[in-house]
Amino acid sequence: TVTVNGALTAATTNSAGLLKVGAMALEGGGRLIVDLTNMTQAAGVGWDLITVSNGTGTMTVNATDVNTFTVGVRCASISLPGFDYQSSGQWLIISNGILAAGMDTNKFTVQADGFTPNIAGGTFGIATNGTEGNIWLTFIPSPTAPTNFTWDSGADPDTTWDTAVNWLGDAVMTMPAVQRLK
């Protein structure tokens with residue numbers, strides 16, 4: 001049984017990996033670092049995955065809503081293939097297969113201070129599927145996440161950021177406090 005009451009990193013470097021354990025206990029104050037490298041790839045290849053007895057093992061969550069288990073999200077690159085801060089997503093990080101004793105998403109805290117790509121006010125969280133012990137890392141975009149704009153200089157550019165013709169599709173910048181570059 002792997003008891004996580006200190007720091008556990010599924011991969012030893014800033015790259016994704018697969019960790020197989022026989023049984024697992026997640027304790028309050030424990031920490032799991034999940035490395036994300038390519039969200040278009042499979043779990044265990046593009047991001048860290050822990051499998052408990054190949055998805056049929058025993059896992060308990062002994063953390064509480066006061067003394068939570070922390071999942072740290074880490075991506076060292078400024079860009080992450082397959083990740084879009086304007087879209088929600090979920091990624092399997094612990095494959096257990098059997099409903100974990102003590103499972104409640106309020107017993108988890110997610111820290112994204114090691115995540116370099118822009119999340120534009122979005123948030124990471126934890127989810128379960130309710131009938132199995134699988135644990136998913138989730139991302140919910142901010143309802144006010146900015147739209148991507150592409151500068152195309154327009155037909156008669158006046159070099160200001162708030163002139164629609166200067167942007168691909170002539171989209172007017174509606175972000176607050178548009179700054180002019182001169």
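A: We can begin with Ser53, which counts as partly exposed because its relative accessibility is 29%; buried means under 20% relative accessible area, exposed over 50%, and partly exposed in between, with a 1.4 Å probe and protein chains only. Keep in mind that this is a predicted model, in which local features need pLDDT of at least 70 and side-chain atom pairs count only at pLDDT 80 or more, while totals for chains, interfaces and linings use all residues. Residues are numbered from 1 along each chain as its sequence is written, and side-chain values use heavy atoms, with hydrogens and water left out.

Q: Where does Ser53 lie, and which residues does Ser53 touch beyond four places in sequence?

A: Ser53 sits in the loop between E6 and strand E7 (58-61), where strands (E, at least two residues) are DSSP runs numbered from the N terminus. Not counting residues up to four places away in sequence, Ser53 touches Val21 and Gly22, contact meaning heavy atoms within 4.5 Å. Ser53 and Gly22 are 31 residues apart in sequence, yet their C-alpha atoms are 4.6 Å apart in space, and the side chain of Ser53 reaches the backbone oxygen of Gly22 at 2.6 Å.

Q: How should I read the pairing of strands, and what is the order of the open sheet?

A: Strands of a sheet pair through backbone hydrogen bonds, either parallel or antiparallel; here two strands pair if DSSP finds at least two bridges between them. The open sheet has 5 strands in the order E3-E6-E9-E12-E11, with mixed pairing. Strand E3 (18-21) and strand E11 (123-128) stand at the edges with a single partner strand each, so one side of each is left without a neighbour in the sheet.

Q: How is strand E9 joined to E6 and to E12, and is E9 largely enclosed or open?

A: Strand E6 (residues 49-52) runs parallel to E9 and is joined to it by 2 bridges, with Ile50 opposite Ile94. E9 and strand E12 (residues 135-140) run antiparallel, joined by 5 bridges, and Trp91 has Leu137 in E12 as its bridge partner. Because 6 of the 7 residues of E9 (residues 89-95) are buried, this strand is largely enclosed by the rest of the structure.

Q: Which residues have the most contacts inside the largest nonpolar core?

A: A nonpolar core is a set of buried Ala, Val, Leu, Ile, Met, Phe, Trp, Tyr and Cys residues joined through side-chain atoms within 4.5 Å. The largest one has 34 residues, and Leu26 and Ile94 have the most contacts inside it. Strand E8 (residues 69-75) supplies the largest share of this core, 4 residues.

Methods:
Polar contact = N/O pair within 3.5 Å; in protein donor to acceptor, adjacent residues only side chain to side chain.
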